[in-house]
Amino acid sequence: MLSQTIGDLLPVAAGVALSPIPIIAVILILGTPAARSNGAAFAGGWIAGLVVVSVATMALADGAADPTSSSATGVKWFQVTAGALFLAMAARQWRSRPQEGQEPQMPAWMAAIDGFGPGRSAGFGALLSGPNPKNLALTVAGAASIAQADLASGDAALAVSVFVVVASFTVVGPVVWFLLAPERAVRSLQAIKGFMVDNNAAIMMVVLLVLGLKLLGQGLGALGS
């Protein structure tokens with residue numbers, strides 16, 4: 001049961017990890033004057049945001065392992081709603097993608113990152129992982145699936161840990177790399193940032209499309225059983 005639950009979690013966790021904006025943000029933070037402390041703080045805030053949302057969701061979805069309970073029904077409808085919403089967001093990403101020769105429009109907050117200290121970096125990391133609408137929906141979906149599995153407390157904690165680790169590898173990984181080999185990391189991370197900026201819409205469209213179909217199918221299947 002634990003291995004099946006973790007298997008179901010992996011695509012959702014990968015969807016969180018492949019969000020271009022947090023990857024761009026951590027690379028920009030690693031280019032600030034206090035890169036080491038800011039990078040570690042951003043990664044810590046990111047992890048904290050995922051943990052808080054996961055634990056809160058599991059508490060709210062307590063009893064979802066009983067397929068006849070109101071919690072289980074709520075989880076199923078959430079999956080259907082989130083899946084439909086992700087498909088709509090994928091269509092919007094496709095329609096709003098930059099045309100050939102057009103520069104991608106990136107958020108204005110990027111210019112403010114140079115002035116961040118560790119506190120603001122940690123808060124920014126938590127903001128991007130926790131309340132961020134896409135990541136919030138994915139983290140809630142992942143935690144709800146753990147609650148549905150009716151795992152022992154130790155196995156549930158392990159499942160949450162696996163989810164957080166996989167969802168964090170594109171944020172924590174660059175920070176660890178920078179701390180170990182800053183000069184090599186900076187050169188490579190700048191190239192990654194350029195790719196993410198140029199292909200943000202396409203990456204998000206594919207991620208949202210795949211996860212939308214997964215969640216919608218999972219929810220509809222559960223409602224029909």
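This is a predicted model: local features need pLDDT of at least 70, side-chain atom pairs count only at pLDDT 80 or more; totals for chains, interfaces and linings use all residues.
1. Buried means under 20% relative accessible area, exposed means over 50%, and partly exposed lies in between, with a 1.4 Å probe and protein chains only. By that rule, Glu183, Arg184, Arg187, Ala191 and Asp198 are exposed on one side of H8. Ala185, Leu189, Met196 and Val197 of H8 are buried.

2. Residues are numbered from 1 along each chain as its sequence is written, and side-chain values use heavy atoms, with hydrogens and water left out. Helices are DSSP runs (H or I, at least four residues), strands are runs of E of at least two, and both are numbered from the N terminus.

3. Length of H8. The helix has 17 residues, 182-198, and at 1.5 Å a residue should span 24 Å; its end C-alpha atoms are 24 Å apart, which agrees. The expected span is 1.5 Å times one less than the number of residues.

4. Packing of H2 on H8. Two packed helices are described by the angle between their axes and the distance between the axes. For helix H2 (residues 20-29) and H8 the angle is about 145°, and the axes are 10 Å apart. Axes here are lines fitted to C-alpha atoms, for helices over the stretch in contact, and angles run from 0 to 180 degrees between N-to-C directions. The crossing of H2 and H8 is left-handed, a term used if the near helix is turned anticlockwise from the far one by less than a right angle (right-handed if clockwise).

5. Which residues of H2 and H8 make the contact? From H2 they are Pro20, Ile23, Ile24, Ile27 and Leu28, and from H8 they are Leu189, Gln190, Ile192, Lys193, Met196 and Val197. Contact means heavy atoms within 4.5 Å. By class, the contact of H2 with H8 has nine nonpolar, one polar and one charged residues. Ala, Val, Leu, Ile, Met, Phe, Trp, Tyr, Cys and Pro count as nonpolar, Asp, Glu, Lys and Arg as charged, and the others, Gly among them, as polar.

6. H2 is mostly covered, with nine of its ten residues buried. The buried residues are Pro20, Pro22, Ile23, Ile24, Ala25, Val26, Ile27, Leu28 and Ile29.

7. Gln190, in helix H8, counts as partly exposed at 37% relative accessibility. Gln190 and Ala48 are 142 residues apart in sequence, and their C-alpha atoms are 26 Å apart in space.

8. Two sites in helix H4 (residues 70-95) follow, Gly74 being one of them. Gly74 is partly exposed, with a relative accessible area of 38%; Gly74 and Ala61 are 13 residues apart in sequence and 8.3 Å apart from C-alpha to C-alpha. Ala88 also lies in helix H4 and is partly exposed, at 44% relative accessible area. Ala88 and Leu208 are 120 residues apart along the chain, with 8.7 Å between their C-alpha atoms.

9. Leaving aside neighbours within four places in sequence, Thr139 is in contact with Val16, Leu50, Val53, Ser54, Ser129 and Phe163.

10. Gly15 is in helix H1 (residues 2-17) and counts as buried at 4% relative accessibility. Leaving aside neighbours within four places in sequence, Gly15 is in contact with Lys134, Leu138, Val207 and Leu211.
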